Amino acid sequence: MTKSRTARVLLPGVVAAALLAGCAPGSGGSASAPAGPPTAAAPSVPVPVTPSGKAAPGTLLVADFGADTVTFVDPARGATGSVRVGTAPYGIAVGADGRAWVATAEGVAVVDTASRSRLALIPYRTATGPVTTGEYRGGGMGIALAPDGRRVYVGVNVPGGHGALEVIDTAALRVTDAVPVGRRPFDVDVARDGSEVYATGHDSFDVTVVTADTLRPRRVEVAPYGTEGGLGSWLKPHYAAVRPADGQLLLPFEGERLAVVDPRTGRTDIEPMTADTHQHGATVTADGTLLTVGTGPVDPDEGRGPSLTVRTPAGEERVYPLDGPHENVAVSRDGRTAYVTGGFTRDGYWDGLTAVDLGSGQTRRIPAGSRPLGIVVL
(Lines give C-alpha, C1' and ligand atoms only; values in the text may rest on other atoms or scores of the structure.)
Protein backbone atom coordinates (compact mmCIF):
# COMPACT_ATOMS: atom_id res chain seq x y z
CA MET A 1 0.00 0.00 0.00
CA THR A 2 1.09 3.57 -0.54
CA LYS A 3 1.71 5.60 2.56
CA SER A 4 -0.37 8.66 3.29
CA ARG A 5 1.30 11.99 2.62
CA THR A 6 -0.09 15.32 3.67
CA ALA A 7 -0.36 17.70 0.75
CA ARG A 8 2.70 19.90 0.62
CA VAL A 9 1.51 23.47 0.32
CA LEU A 10 3.38 26.76 0.41
CA LEU A 11 2.69 29.06 3.33
CA PRO A 12 0.62 32.19 2.64
CA GLY A 13 2.84 34.99 1.40
CA VAL A 14 5.36 32.57 -0.08
CA VAL A 15 3.21 31.48 -3.01
CA ALA A 16 3.90 34.49 -5.23
CA ALA A 17 7.65 34.22 -4.76
CA ALA A 18 7.63 30.52 -5.45
CA LEU A 19 5.60 30.95 -8.60
CA LEU A 20 8.40 33.11 -9.90
CA ALA A 21 11.04 30.75 -8.58
CA GLY A 22 9.99 27.32 -9.79
CA CYS A 23 8.35 24.02 -8.99
CA ALA A 24 9.82 23.90 -5.50
CA PRO A 25 11.78 26.16 -3.12
CA GLY A 26 15.14 27.54 -4.13
CA SER A 27 14.57 27.44 -7.87
CA GLY A 28 16.95 29.25 -10.12
CA GLY A 29 20.25 28.38 -8.49
CA SER A 30 22.81 26.21 -10.16
CA ALA A 31 25.89 24.18 -9.56
CA SER A 32 27.25 26.03 -12.57
CA ALA A 33 27.05 29.70 -13.42
CA PRO A 34 23.54 30.86 -14.38
CA ALA A 35 23.04 31.69 -18.01
CA GLY A 36 23.27 35.35 -18.95
CA PRO A 37 20.85 37.26 -21.16
CA PRO A 38 19.79 35.21 -24.18
CA THR A 39 21.54 35.83 -27.44
CA ALA A 40 19.36 37.54 -29.99
CA ALA A 41 17.54 34.91 -32.01
CA ALA A 42 17.32 34.74 -35.77
CA PRO A 43 14.18 36.20 -37.38
CA SER A 44 10.98 34.24 -36.71
CA VAL A 45 10.38 33.52 -40.38
CA PRO A 46 10.21 30.00 -41.85
CA VAL A 47 12.64 29.30 -44.68
CA PRO A 48 12.39 26.64 -47.38
CA VAL A 49 13.12 23.11 -46.20
CA THR A 50 15.09 20.69 -48.33
CA PRO A 51 15.23 16.92 -47.87
CA SER A 52 17.96 15.80 -45.52
CA GLY A 53 19.63 12.70 -44.20
CA LYS A 54 19.95 11.70 -40.57
CA ALA A 55 22.44 12.18 -37.79
CA ALA A 56 24.63 9.30 -36.70
CA PRO A 57 22.48 6.70 -34.88
CA GLY A 58 22.75 6.98 -31.11
CA THR A 59 23.60 10.68 -31.11
CA LEU A 60 21.74 12.59 -28.39
CA LEU A 61 20.11 15.98 -28.87
CA VAL A 62 19.34 18.13 -25.85
CA ALA A 63 17.45 21.41 -25.42
CA ASP A 64 19.61 24.02 -23.67
CA PHE A 65 17.07 25.76 -21.46
CA GLY A 66 19.84 27.98 -20.09
CA ALA A 67 20.72 29.29 -23.56
CA ASP A 68 19.18 29.54 -27.04
CA THR A 69 20.61 26.35 -28.52
CA VAL A 70 20.26 22.62 -28.88
CA THR A 71 23.42 20.56 -28.40
CA PHE A 72 24.44 17.35 -30.14
CA VAL A 73 26.05 14.85 -27.79
CA ASP A 74 28.12 11.78 -28.62
CA PRO A 75 27.55 9.45 -25.63
CA ALA A 76 31.23 8.47 -25.67
CA ARG A 77 32.84 11.84 -26.44
CA GLY A 78 30.42 14.46 -25.11
CA ALA A 79 29.17 17.57 -26.90
CA THR A 80 30.01 17.77 -30.60
CA GLY A 81 28.28 21.00 -31.60
CA SER A 82 25.26 23.25 -31.06
CA VAL A 83 22.64 25.00 -33.19
CA ARG A 84 20.87 28.22 -32.26
CA VAL A 85 17.12 27.65 -32.19
CA GLY A 86 15.47 30.38 -30.09
CA THR A 87 15.24 31.54 -26.49
CA ALA A 88 15.03 28.97 -23.67
CA PRO A 89 14.25 25.75 -25.58
CA TYR A 90 12.29 23.20 -23.57
CA GLY A 91 10.92 20.06 -25.27
CA ILE A 92 12.15 18.24 -28.39
CA ALA A 93 10.51 15.77 -30.78
CA VAL A 94 12.27 14.08 -33.71
CA GLY A 95 10.77 12.51 -36.81
CA ALA A 96 11.79 9.61 -39.02
CA ASP A 97 13.05 12.15 -41.58
CA GLY A 98 15.72 13.40 -39.19
CA ARG A 99 14.08 16.74 -38.48
CA ALA A 100 13.89 17.83 -34.85
CA TRP A 101 11.11 20.09 -33.60
CA VAL A 102 12.07 22.25 -30.63
CA ALA A 103 9.68 24.22 -28.40
CA THR A 104 11.28 27.57 -27.55
CA ALA A 105 9.99 30.77 -25.96
CA GLU A 106 9.76 32.35 -29.44
CA GLY A 107 8.28 29.57 -31.55
CA VAL A 108 8.91 26.03 -32.71
CA ALA A 109 12.31 25.62 -34.33
CA VAL A 110 12.85 23.04 -37.07
CA VAL A 111 16.36 21.58 -37.08
CA ASP A 112 17.97 19.45 -39.77
CA THR A 113 19.95 17.02 -37.63
CA ALA A 114 22.13 15.90 -40.55
CA SER A 115 23.37 19.34 -41.62
CA ARG A 116 23.01 20.69 -38.08
CA SER A 117 21.18 23.79 -39.15
CA ARG A 118 17.95 25.53 -38.23
CA LEU A 119 15.54 25.41 -41.13
CA ALA A 120 12.67 27.43 -39.70
CA LEU A 121 11.27 29.13 -36.62
CA ILE A 122 7.48 28.93 -36.59
CA PRO A 123 5.82 31.64 -34.46
CA TYR A 124 3.03 30.72 -32.08
CA ARG A 125 -0.53 31.80 -32.75
CA THR A 126 -1.22 32.21 -29.03
CA ALA A 127 -0.18 35.49 -27.39
CA THR A 128 2.34 34.69 -24.65
CA GLY A 129 3.70 38.13 -23.76
CA PRO A 130 7.33 39.28 -23.95
CA VAL A 131 9.99 36.67 -24.70
CA THR A 132 11.67 35.80 -21.40
CA THR A 133 13.62 32.98 -19.77
CA GLY A 134 13.09 30.85 -16.67
CA GLU A 135 10.63 28.14 -15.74
CA TYR A 136 7.58 30.40 -15.94
CA ARG A 137 8.43 31.95 -19.28
CA GLY A 138 5.74 31.95 -21.93
CA GLY A 139 5.98 29.82 -25.04
CA GLY A 140 6.35 26.16 -25.89
CA MET A 141 6.90 23.44 -23.32
CA GLY A 142 5.88 19.86 -24.16
CA ILE A 143 5.97 18.84 -27.82
CA ALA A 144 5.17 15.67 -29.80
CA LEU A 145 4.86 14.44 -33.38
CA ALA A 146 1.90 12.61 -34.86
CA PRO A 147 2.85 9.02 -35.85
CA ASP A 148 2.49 9.86 -39.56
CA GLY A 149 4.72 12.91 -39.19
CA ARG A 150 2.16 15.31 -40.66
CA ARG A 151 1.46 17.27 -37.49
CA VAL A 152 3.42 18.58 -34.54
CA TYR A 153 1.58 19.32 -31.30
CA VAL A 154 3.10 21.82 -28.88
CA GLY A 155 1.88 22.89 -25.46
CA VAL A 156 2.12 26.68 -25.17
CA ASN A 157 2.37 28.26 -21.73
CA VAL A 158 0.54 31.55 -21.21
CA PRO A 159 1.89 33.15 -18.02
CA GLY A 160 -0.89 33.65 -15.52
CA GLY A 161 -3.51 31.80 -17.54
CA HIS A 162 -4.50 28.58 -19.24
CA GLY A 163 -2.34 27.25 -22.03
CA ALA A 164 -2.96 26.17 -25.59
CA LEU A 165 -2.19 23.13 -27.68
CA GLU A 166 -1.05 24.44 -31.05
CA VAL A 167 -1.10 22.26 -34.14
CA ILE A 168 1.62 22.67 -36.78
CA ASP A 169 1.39 21.41 -40.34
CA THR A 170 4.86 19.93 -40.89
CA ALA A 171 4.72 20.41 -44.66
CA ALA A 172 3.45 24.00 -44.64
CA LEU A 173 5.51 24.96 -41.54
CA ARG A 174 2.74 26.95 -39.94
CA VAL A 175 0.30 26.75 -37.05
CA THR A 176 -3.11 25.64 -38.28
CA ASP A 177 -5.10 25.39 -35.04
CA ALA A 178 -4.96 26.20 -31.34
CA VAL A 179 -6.93 24.32 -28.66
CA PRO A 180 -7.37 25.49 -25.04
CA VAL A 181 -5.70 23.22 -22.45
CA GLY A 182 -4.62 23.41 -18.81
CA ARG A 183 -2.11 25.66 -17.11
CA ARG A 184 1.58 25.19 -17.96
CA PRO A 185 1.48 22.19 -20.32
CA PHE A 186 4.71 20.50 -19.19
CA ASP A 187 4.25 17.53 -21.46
CA VAL A 188 2.47 16.55 -24.68
CA ASP A 189 1.98 12.94 -25.79
CA VAL A 190 0.19 11.28 -28.69
CA ALA A 191 -1.73 7.98 -28.82
CA ARG A 192 0.13 5.28 -30.73
CA ASP A 193 -2.49 5.35 -33.48
CA GLY A 194 -2.50 9.15 -33.60
CA SER A 195 -6.18 9.41 -32.68
CA GLU A 196 -5.69 11.49 -29.52
CA VAL A 197 -3.27 14.02 -28.08
CA TYR A 198 -2.63 14.45 -24.34
CA ALA A 199 -1.48 17.74 -22.78
CA THR A 200 -0.43 17.49 -19.12
CA GLY A 201 -1.37 20.68 -17.26
CA HIS A 202 1.01 21.03 -14.31
CA ASP A 203 -0.74 23.93 -12.57
CA SER A 204 -4.30 22.75 -13.26
CA PHE A 205 -3.91 19.15 -12.01
CA ASP A 206 -5.10 17.67 -15.29
CA VAL A 207 -4.57 16.09 -18.65
CA THR A 208 -6.46 17.56 -21.60
CA VAL A 209 -7.47 14.83 -24.04
CA VAL A 210 -7.77 16.24 -27.57
CA THR A 211 -9.34 14.20 -30.36
CA ALA A 212 -6.99 14.56 -33.32
CA ASP A 213 -9.57 14.75 -36.10
CA THR A 214 -12.04 17.16 -34.45
CA LEU A 215 -9.62 18.90 -32.04
CA ARG A 216 -12.28 18.69 -29.38
CA PRO A 217 -10.73 18.95 -25.87
CA ARG A 218 -11.84 17.08 -22.75
CA ARG A 219 -10.38 17.67 -19.29
CA VAL A 220 -9.41 14.77 -17.03
CA GLU A 221 -8.39 15.71 -13.49
CA VAL A 222 -5.28 13.86 -12.28
CA ALA A 223 -4.75 14.62 -8.60
CA PRO A 224 -4.00 11.51 -6.50
CA TYR A 225 -3.22 13.75 -3.50
CA GLY A 226 -6.09 16.15 -4.16
CA THR A 227 -5.79 19.78 -5.25
CA GLU A 228 -5.24 21.39 -1.85
CA GLY A 229 -3.07 24.46 -2.15
CA GLY A 230 -3.80 25.09 -5.82
CA LEU A 231 -0.84 26.81 -7.46
CA GLY A 232 1.13 26.50 -4.22
CA SER A 233 0.92 22.72 -4.05
CA TRP A 234 3.90 20.51 -4.87
CA LEU A 235 1.77 17.49 -5.66
CA LYS A 236 0.97 18.18 -9.30
CA PRO A 237 1.40 16.17 -12.52
CA HIS A 238 4.55 16.86 -14.51
CA TYR A 239 5.15 14.39 -17.35
CA ALA A 240 3.18 11.44 -18.73
CA ALA A 241 3.96 8.38 -20.83
CA VAL A 242 1.58 6.37 -23.02
CA ARG A 243 1.65 2.65 -22.14
CA PRO A 244 2.11 0.70 -25.39
CA ALA A 245 -0.03 -2.28 -24.39
CA ASP A 246 -3.31 -0.44 -23.84
CA GLY A 247 -2.86 3.31 -24.39
CA GLN A 248 -3.22 4.15 -20.69
CA LEU A 249 -1.42 7.26 -19.46
CA LEU A 250 1.20 6.77 -16.76
CA LEU A 251 1.89 9.74 -14.46
CA PRO A 252 4.29 9.26 -11.52
CA PHE A 253 3.88 11.24 -8.29
CA GLU A 254 6.41 11.61 -5.48
CA GLY A 255 7.91 8.14 -5.90
CA GLU A 256 4.84 6.89 -4.07
CA ARG A 257 1.91 6.79 -6.46
CA LEU A 258 1.58 6.01 -10.14
CA ALA A 259 -1.60 7.43 -11.64
CA VAL A 260 -2.81 5.15 -14.44
CA VAL A 261 -5.33 7.14 -16.45
CA ASP A 262 -7.74 5.73 -19.01
CA PRO A 263 -8.07 8.67 -21.44
CA ARG A 264 -11.30 7.31 -22.87
CA THR A 265 -13.23 7.10 -19.59
CA GLY A 266 -11.24 9.48 -17.39
CA ARG A 267 -10.89 6.77 -14.75
CA THR A 268 -7.69 6.93 -12.69
CA ASP A 269 -6.26 3.94 -10.83
CA ILE A 270 -3.39 4.31 -8.36
CA GLU A 271 -0.49 1.88 -8.09
CA PRO A 272 2.27 2.08 -5.44
CA MET A 273 5.79 3.24 -6.25
CA THR A 274 8.92 2.94 -4.10
CA ALA A 275 11.43 5.76 -4.76
CA ASP A 276 9.92 8.28 -2.29
CA THR A 277 11.17 11.34 -4.19
CA HIS A 278 9.65 14.25 -6.13
CA GLN A 279 9.29 13.04 -9.73
CA HIS A 280 9.48 14.85 -13.07
CA GLY A 281 10.44 13.36 -16.46
CA ALA A 282 9.05 10.05 -17.69
CA THR A 283 9.36 7.84 -20.73
CA VAL A 284 8.29 4.32 -21.65
CA THR A 285 10.04 1.75 -23.82
CA ALA A 286 8.42 -0.45 -26.47
CA ASP A 287 8.03 -3.33 -24.01
CA GLY A 288 6.20 -1.13 -21.50
CA THR A 289 9.08 -0.41 -19.10
CA LEU A 290 8.56 2.97 -17.44
CA LEU A 291 11.51 5.20 -16.54
CA THR A 292 10.95 8.25 -14.37
CA VAL A 293 13.28 10.85 -12.90
CA GLY A 294 13.31 11.58 -9.17
CA THR A 295 14.55 15.10 -8.40
CA GLY A 296 14.97 14.75 -4.64
CA PRO A 297 12.72 15.48 -1.67
CA VAL A 298 10.73 18.69 -1.52
CA ASP A 299 11.24 18.64 2.25
CA PRO A 300 14.84 17.66 3.14
CA ASP A 301 13.54 16.01 6.31
CA GLU A 302 11.14 13.81 4.36
CA GLY A 303 11.82 11.61 1.36
CA ARG A 304 14.87 10.32 -0.49
CA GLY A 305 17.32 11.91 -2.86
CA PRO A 306 17.46 12.13 -6.68
CA SER A 307 17.09 8.87 -8.55
CA LEU A 308 15.99 7.09 -11.70
CA THR A 309 13.19 4.56 -11.29
CA VAL A 310 12.93 1.71 -13.80
CA ARG A 311 9.55 -0.01 -13.50
CA THR A 312 8.65 -3.19 -15.38
CA PRO A 313 5.17 -3.75 -16.85
CA ALA A 314 4.54 -6.07 -13.88
CA GLY A 315 5.19 -3.22 -11.45
CA GLU A 316 8.63 -4.32 -10.21
CA GLU A 317 10.97 -1.40 -9.63
CA ARG A 318 14.70 -0.78 -9.53
CA VAL A 319 15.75 2.61 -8.17
CA TYR A 320 19.15 3.97 -9.24
CA PRO A 321 20.52 6.88 -7.14
CA LEU A 322 21.64 9.98 -9.06
CA ASP A 323 24.11 12.67 -8.08
CA GLY A 324 21.96 15.78 -7.90
CA PRO A 325 18.60 16.73 -9.42
CA HIS A 326 17.80 15.94 -13.07
CA GLU A 327 14.78 16.61 -15.29
CA ASN A 328 14.10 14.26 -18.20
CA VAL A 329 15.16 10.90 -19.59
CA ALA A 330 15.64 9.03 -22.86
CA VAL A 331 16.77 5.45 -23.51
CA SER A 332 19.40 4.23 -25.97
CA ARG A 333 18.16 2.26 -28.96
CA ASP A 334 19.58 -0.99 -27.57
CA GLY A 335 17.75 -0.41 -24.27
CA ARG A 336 20.90 -0.73 -22.19
CA THR A 337 21.49 2.89 -21.19
CA ALA A 338 19.33 5.72 -19.90
CA TYR A 339 20.38 9.33 -20.41
CA VAL A 340 19.08 11.78 -17.80
CA THR A 341 19.30 15.54 -18.33
CA GLY A 342 20.95 17.66 -15.63
CA GLY A 343 18.87 20.77 -16.23
CA PHE A 344 16.26 21.41 -13.54
CA THR A 345 14.04 24.15 -12.08
CA ARG A 346 15.51 24.13 -8.55
CA ASP A 347 18.94 24.49 -6.98
CA GLY A 348 21.41 21.93 -8.20
CA TYR A 349 20.91 21.90 -11.97
CA TRP A 350 24.06 21.42 -13.98
CA ASP A 351 25.24 21.50 -17.57
CA GLY A 352 25.26 17.90 -18.66
CA LEU A 353 23.73 14.43 -18.67
CA THR A 354 24.05 11.32 -16.56
CA ALA A 355 24.34 8.02 -18.40
CA VAL A 356 22.90 5.14 -16.35
CA ASP A 357 23.83 1.55 -17.20
CA LEU A 358 20.48 -0.19 -16.74
CA GLY A 359 22.14 -3.54 -16.06
CA SER A 360 24.65 -2.57 -13.40
CA GLY A 361 23.30 0.77 -12.23
CA GLN A 362 26.67 2.43 -12.77
CA THR A 363 26.48 6.11 -13.70
CA ARG A 364 28.69 8.38 -15.75
CA ARG A 365 28.43 12.15 -16.14
CA ILE A 366 28.68 13.71 -19.60
CA PRO A 367 29.24 17.50 -19.60
CA ALA A 368 27.12 18.98 -22.41
CA GLY A 369 24.86 21.91 -23.15
CA SER A 370 23.51 24.64 -20.90
CA ARG A 371 20.92 23.50 -18.35
CA PRO A 372 19.62 20.75 -20.67
CA LEU A 373 15.96 19.77 -20.23
CA GLY A 374 14.45 17.96 -23.23
CA ILE A 375 16.34 15.06 -24.79
CA VAL A 376 15.92 12.71 -27.75
CA VAL A 377 18.00 9.88 -29.19
CA LEU A 378 18.61 10.34 -32.92
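**Strand bridges and aromatic rings**

User: Which residue is the bridge partner of Ala 338 in β26?

Analyst: Val 356 is the bridge partner of Ala 338 in β26. Quick note on the ground rules: this is a predicted model, where local features need pLDDT of at least 70 and side-chain atom pairs count only at pLDDT 80 or more, while totals for chains, interfaces and linings use all residues. Residues are numbered from 1 along each chain as its sequence is written, and side-chain values use heavy atoms, with hydrogens and water left out.

User: What makes β25 and β26 a pair?

Analyst: Two strands pair if DSSP finds at least two bridges between them. β25 (residues 337-341) and β26 have 5 bridges, in the antiparallel sense, so they qualify. Strands here are DSSP E runs of at least two residues, numbered from the N terminus (helices are H or I runs of at least four).

User: And what does β26 do on the β27 side?

Analyst: β26 (residues 352-357) pairs with β27 (residues 363-367), antiparallel again, over 5 bridges. Leu 353 sits opposite Ile 366 in β27. The two strands make a hairpin with 5 residues between them, and Gly 361 in the turn has a positive phi of about 85°.

User: How do you know how enclosed β26 is?

Analyst: Count its buried residues, where buried means under 20% relative accessible area (exposed is over 50%, partly exposed in between; 1.4 Å probe, protein chains only). In β26, 5 of the 6 residues are buried, so the strand is largely enclosed by the rest of the structure.

User: How many aromatic pairs are there, and why does Phe 65 with Tyr 90 get its label?

Analyst: There are 3 aromatic pairs. Rings of Phe, Tyr and Trp (its six-membered ring) pair if their centres lie within 6.5 Å, and planes under 30 degrees apart count as stacked, over 60 as edge-to-face and the rest as tilted. Phe 65 and Tyr 90 have ring centres 5.7 Å apart and planes at 90°, so this pair is edge-to-face. Phe 65 is in the loop between β1 (60-64) and β2 (69-74) and Tyr 90 in the loop between β3 (78-84) and β4 (92-94), so parts 25 residues apart in sequence get tied together. Both residues, Phe 65 and Tyr 90, are buried.

User: What about Phe 186 and Tyr 239?

Analyst: They're edge-to-face too, at 5.7 Å centre to centre and 80° between the planes. Phe 186 is in β12 (residues 185-190) and Tyr 239 in the loop between β15 (217-221) and β16 (241-242), 53 residues apart. Phe 186 and Tyr 239 are both buried. Phe 65, Tyr 90, Phe 186 and Tyr 239 form one aromatic cluster.

User: Why is Arg 257 said to sit over the ring of Tyr 225?

Analyst: A charge sits over a ring if NZ of Lys or CZ of Arg is within 6 Å of the ring centre and within 35 degrees of the ring normal. The charged end of Arg 257 is 4.0 Å from the centre of the Tyr 225 ring. Arg 371 lies over the face of Tyr 349, at 3.8 Å from the ring centre.
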